[in-house]
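Visitor: Please take a close look at one part for me: the place where two of the chains meet. Keep it brisk.

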Amino acid sequence: MRPIITLTTDFGTRDGYVGIMKGVMLSICPDGQCIDITHEIPPQNITAAALVLESASPFFPPGTVHLVVVDPGVGTNRRPLALITPSACYVGPDNGVLSLVWRAARHCWSPDEIRAVELNEPSFWLPQISATFHGRDIFAPVAAHLACGVASERLGTPLTNLTMLPLEEPAWEGPERLCGRVLFVDHFGNGVTSLTRDHLERLTPPSDHPFPSGLRVTVGEAGSPTAPHLPLCLPVRTTYADVAPGEAVALIGGTGRLEIAQCNGNAAAPGG
Amino acid sequence: MRPIITLTTDFGTRDGYVGIMKGVMLSICPDGQCIDITHEIPPQNITAAALVLESASPFFPPGTVHLVVVDPGVGTNRRPLALITPSACYVGPDNGVLSLVWRAARHCWSPDEIRAVELNEPSFWLPQISATFHGRDIFAPVAAHLACGVASERLGTPLTNLTMLPLEEPAWEGPERLCGRVLFVDHFGNGVTSLTRDHLERLTPPSDHPFPSGLRVTVGEAGSPTAPHLPLCLPVRTTYADVAPGEAVALIGGTGRLEIAQCNGNAAAPGG
Amino acid sequence: MRPIITLTTDFGTRDGYVGIMKGVMLSICPDGQCIDITHEIPPQNITAAALVLESASPFFPPGTVHLVVVDPGVGTNRRPLALITPSACYVGPDNGVLSLVWRAARHCWSPDEIRAVELNEPSFWLPQISATFHGRDIFAPVAAHLACGVASERLGTPLTNLTMLPLEEPAWEGPERLCGRVLFVDHFGNGVTSLTRDHLERLTPPSDHPFPSGLRVTVGEAGSPTAPHLPLCLPVRTTYADVAPGEAVALIGGTGRLEIAQCNGNAAAPGG
């Protein structure tokens, strides 16, 4: 079976930087299979990359190596990092970009089944290290060596604490009310929120309104002069098609998070 | 030989949804080879997806599985569909997106060589089916099973009629005149029309004007206040370089359709 | 080991043209592995494609075939070309797009180790040649045949002189001063210049200002009414983080060229 290496970056696809990293990896691990998750993380947006990786990586086969390069601190003393769990390996800078998969792994596995390594063993890097492109010089070679079966212990020194993202948890305002926020807007204009299916199931619904039909989502705050249509109060539905075209809808989207969408439209577009 | 699975969607490449589908497919068919046709179908534009698939799929090796997810009706009772011909398999929603390859297959093969299946056998899907992401939950797993050699009969119930696109055929206005329209504008700004080489060859040319040099294309209608340069009357040429840079030209493009282009320019740009 | 074929085009990723070329190549070389370098070369920008290819190709394994289709002269008598060196093969139109890798190869290898071939042997093309899509009809099939081990002599007639790009070399204004220009602006808004690390090392630094800290870059010319902040005089630094966020910086970027960047920002953005 050919080892899989996924790529998640903020490099865009215009400049050849992604192709260069694949060239480096295939030089080390000729049998590797490179799969793009996305290269359109908003530049230097560590949170967006962490969320994409958290939602995508569970769908890959065991043993997949996930390379993540969103690295505003490249060239400083932020540590390069590998994280190894029984189901996957992750390689990237220790700036919080791996903190959500780390947290998820700690829910799934016992501490001694997870290993974090500071990548400080240069024999697994390219011979020459630039100050600005560690994706090519350090992270891609290490990902390729992991894909080829190099033991993670050889890549550097064990780490016990990782840099965590300061992601705020949704706030409970009593057992019937939970306050989250839109984390990002996806390609279809759907607003993906910090509220998961799990959060919604923990809400105490009023007895005459079982989940999901009785649950209502209030979007935005009153009194904004630029958004006079807010707050918007929406029922939680099952599919986009549960409301008329053009109408707003709240539902649990494909990644398990509550989304604010517009049937056959773009909820984020002006006038949408 | 490694099975090929192509992907055509309106997902964009920003959110990781395409990567997730590839992870699902490689989990089922580790030997599969994923090739992107495009993920930039305009959101929910079934016609655009059907046209891209029709023009691209003939260039792939026999046995290729083509996965198409442009699915505004996801979560409703539109049927999930697989189409199997002697040269390829197609998997997608039964909303017209497969109707052009279906029509093309019926020109090439006898009816008993083509098979359409409603995908209603959940044992070939992911264990959990969301209401909004059948690309991941139904279509990708089925495509991967087909690529791995699962017989199409096992995937569900035979279908005899598919949902067809209401694509208008070019209108004959006498044997010397045919009226079509621009179907879409490509990346280079070329307007790709509903008129094919085949249509043009069926025109009766005036005897002193053999095809293609004598054929003229009239673009647009007179009297538009916003486009006073219309109608534009163009000769049909062989290559972009047959006219001076900046000049408009009509020619048979790479996909076999008449295109309205501008030499070294963008025919769709303002002022172009 | 599976042969690698890289792709560099100005096709964009919207229309399926890239997928079609991959289908053609996998039909000829089923074992091939297609790796995108970029499809977002600005339309018909031969220089941009030549620069991307020059910077990316050294990172691929020996024997990689690089397919480049930026071809404004398609359908004219510009020659289709293959270039074979001991480390790689290149296939594309003879319009200058291969001239930088050709020049680099002549620095590395002796003349008899490099071979250029005019592709004029139609038995290695698709049976039908369109006037507008030689990427599909000529270049992709030839690249696939090369990847599969067809000897380059069989593909056509030897060539001795290639079309070269009229790239101006940086101008020396005395041993301490060198004048180059911004060649292109990358995805992060960094201006990549014609000045390489090699050029900078050949500068005679004033004795009290050793490279790199003593070197200063002057950006722009005085007296422009639309850019009153120019000229900007910048020190050359090692990393983006050597200056405060928002501040401009000059450094040797990942491709070995001097770049004008902005720490945590976009140097090319208005106000940036």
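Guide: A polar contact here is a pair of N or O atoms within 3.5 Å; within protein, one must be able to donate a hydrogen and the other to accept it. The model is predicted. Between chain A and chain B, nine residue pairs are in polar contact, both residues at pLDDT 80 or more.

Now the extent of the interface. In chain A, 31 residues are in contact with 30 residues of chain B. About 2600 Å² is buried between the two chains. Carbon and sulfur atoms give 58% of that area. On the chain A side, A:Phe59, A:His187 and A:Phe188 lose the most area to chain B. Together these three account for 25% of what that side buries.

Next, the elements behind that side. Four elements of chain A each supply at least two residues that touch chain B: strand S2 (33–38), helix H2 (46–56), strand S10 (182–185) and strand S14 (248–252). S2(A) gives the largest share, five residues. By class, the side of chain A that touches chain B holds 16 nonpolar, 10 polar and five charged residues.

Conventions. Residues numbered from 1 in each chain as written. Chains lettered and ligands numbered in written order. Predicted model: local features only at pLDDT ≥ 70, side-chain atom pairs only at ≥ 80, totals over all residues. Heavy atoms only, no water. Contact = heavy atoms within 4.5 Å. Buried area = accessible area lost by both parts, 1.4 Å probe. Polar contact = N/O pair within 3.5 Å; in protein donor to acceptor, adjacent residues only side chain to side chain. Nonpolar A, V, L, I, M, F, W, Y, C, P; charged D, E, K, R; others polar.
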